[in-house]
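Subject: Structure handover

Hello,

Here is the structure we talked about handing over. My notes on it follow below.

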Amino acid sequence: VYGSIADGHTSDEQSAYAPRSPYAASKAASDHLVHAWHHTYGLPAITTHSSNNYGPYQYPEKLIPLAVQRARMGKPIPVYGNGEQVRDWLFVDDHADALMAVLERGAPGRAYNIGGGSPRRNIDVVRELCLLFDEIVDPRVGPRASLITHVADRPGHDLRYALDTSRIERELQWRPTTDFATGLRRTVEWYLANAAWVEHILAGRYAGERLGLGAVEPPR
């Protein structure tokens with residue numbers, strides 16, 4: 001909801017909203033509605049903004065599970081644009097712990113940023129994943145990094161997100177406990193051990209294609 005953030009800067013909970021895509025705007029709109037209900041009617045609501053999640057059970061369209069699936073199958077691993085987009089990566093268990101802290105100790109009407117403290121360029125995430133995949137599966141088959149393929153960038157793709165998480169650390173004493181290397185290894189190992197779960201999804205309506213660009217099906 002804060003839009004693309006310049007190098008050296010972060011967004012705190014008082015930062016102005018600046019969504020630049022319809023997807024981001026829908027999130028900002030929902031935040032404003034919730035804030036309005038809180039201030040007008042006393043709805044006991046708390047808002048959280050998290051950085052990019054990763055971990056087990058993530059839908060295979062997302063960057064990390066998609067890269068694992070493509071590496072496993074020996075197919076091209078797509079990276080949007082030049083891969084320079086920077087995201088902070090938050091392991092899903094840490095996010096769940098943060099939400100519990102907010103639920104139990106957060107103040108109604110308050111907003112909290114939740115981050116993983118692991119900023120990475122997308123291209124570096126995929127490269128790190130490929131090296132890990134080579135190590136875990138069979139290094140003689142690699143390098144999987146040769147599968148990396150740059151594709152047309154997403155429309156309205158923000159270059160950099162960065163959250164100031166000092167409020168949740170100070171007020172709720174929460175901090176992430178999973179570093180990116182550990183979280184990525186746990187994630188890759190989970191997807192390799194649960195390939196049937198991914199295959200079940202791929203056998204249904206999602207076949208590994210890029211989402212969000214197709215024509216809208218008319219109502220019947």
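R120 is partly exposed, at 25% relative accessibility. Here buried means under 20% relative accessible area, exposed means over 50%, and partly exposed lies in between (1.4 Å probe, protein chains only). The side chain of R120 meets that of E128 in a salt bridge, 3.4 Å from N to O. E128 is partly exposed too, at 26%. A salt bridge here is a side-chain nitrogen of Lys or Arg within 4 Å of a carboxyl oxygen of Asp or Glu.

Before going further, the ground rules. This is a predicted model, where local features need pLDDT of at least 70 and side-chain atom pairs count only at pLDDT 80 or more, while totals for chains, interfaces and linings use all residues. Residues are numbered from 1 along each chain as its sequence is written, and side-chain values use heavy atoms, with hydrogens and water left out.

Salt bridges

The count comes to 16 salt bridges. One of them joins E171 to R110, with the closest N and O atoms 2.6 Å apart. E171 lies in helix α5 (residues 166–172) and R110 in the loop between α3 (92–105) and β5 (111–114), so the pair ties together parts that are 61 residues apart in sequence. Helices (H or I, at least four residues) and strands (E, at least two) are DSSP runs, numbered from the N terminus. Both partners are in the middle class: E171 is partly exposed at 28%, and R110 is partly exposed at 29%.

R127 and D124 also pair, at 3.7 Å from N to O. They are three residues apart in helix α4, so about one helical turn separates them. R127 is partly exposed at 41%. D124 is partly exposed at 25%. This pair belongs to a network of salt bridges that links E84, R121, D124 and R127. As background, side chains of opposite charge can pair when their charged atoms come close.

Surface patch

Which residues make the nonpolar surface patch of about 540 Å²? They are L33, V34, W37, Y41 and L43. Patches are made of residues with over 30% relative accessible area and no salt bridge; like charges are joined within 9 Å, and nonpolar side chains (Val, Leu, Ile, Met, Phe, Trp, Tyr) within 5 Å. Areas come from the Shrake-Rupley method with a 1.4 Å probe, and for residues only the protein chains shown count as cover. L33 sits in helix α1 (residues 22–41). L33 is exposed, with a relative accessible area of 55%.

Second largest pocket

The second largest pocket has a volume of about 170 Å³. It is lined by 15 residues, of which D88, G117, P119, A162 and L163 are the closest to its centre. A pocket is an open set of points on a 1 Å grid over the protein atoms alone, with protein on both sides within 12 Å along at least five of seven lines; a cavity is a set where a 1.4 Å probe fits but cannot get out, and lining residues have an atom within 4 Å of a point. Grid points are joined across faces, edges and corners, and the volume is the space filled by probe spheres set on the points. The lining holds six nonpolar, six polar and three charged residues. Ala, Val, Leu, Ile, Met, Phe, Trp, Tyr, Cys and Pro count as nonpolar, Asp, Glu, Lys and Arg as charged, and the others, Gly among them, as polar.

Backbone

Two residues deserve a look. Most residues other than glycine have a negative phi. Y57 has a positive phi, near 70 degrees. Y57 is in the loop between β2 (52–54) and α2 (63–73) and is exposed at 55%. Q173 has a positive phi of about 55 degrees and is not a glycine. Q173 lies in the loop between α5 and α6 (180–193) and is exposed at 56%.

Distances

V151 is in strand β7 and is partly exposed at 29%. G142 is in the loop between α4 (122–136) and β7 (148–151). G142 is partly exposed at 26%. From G142 to G106 is 47 Å, C-alpha to C-alpha, for a pair 36 residues apart in sequence.

Best wishes
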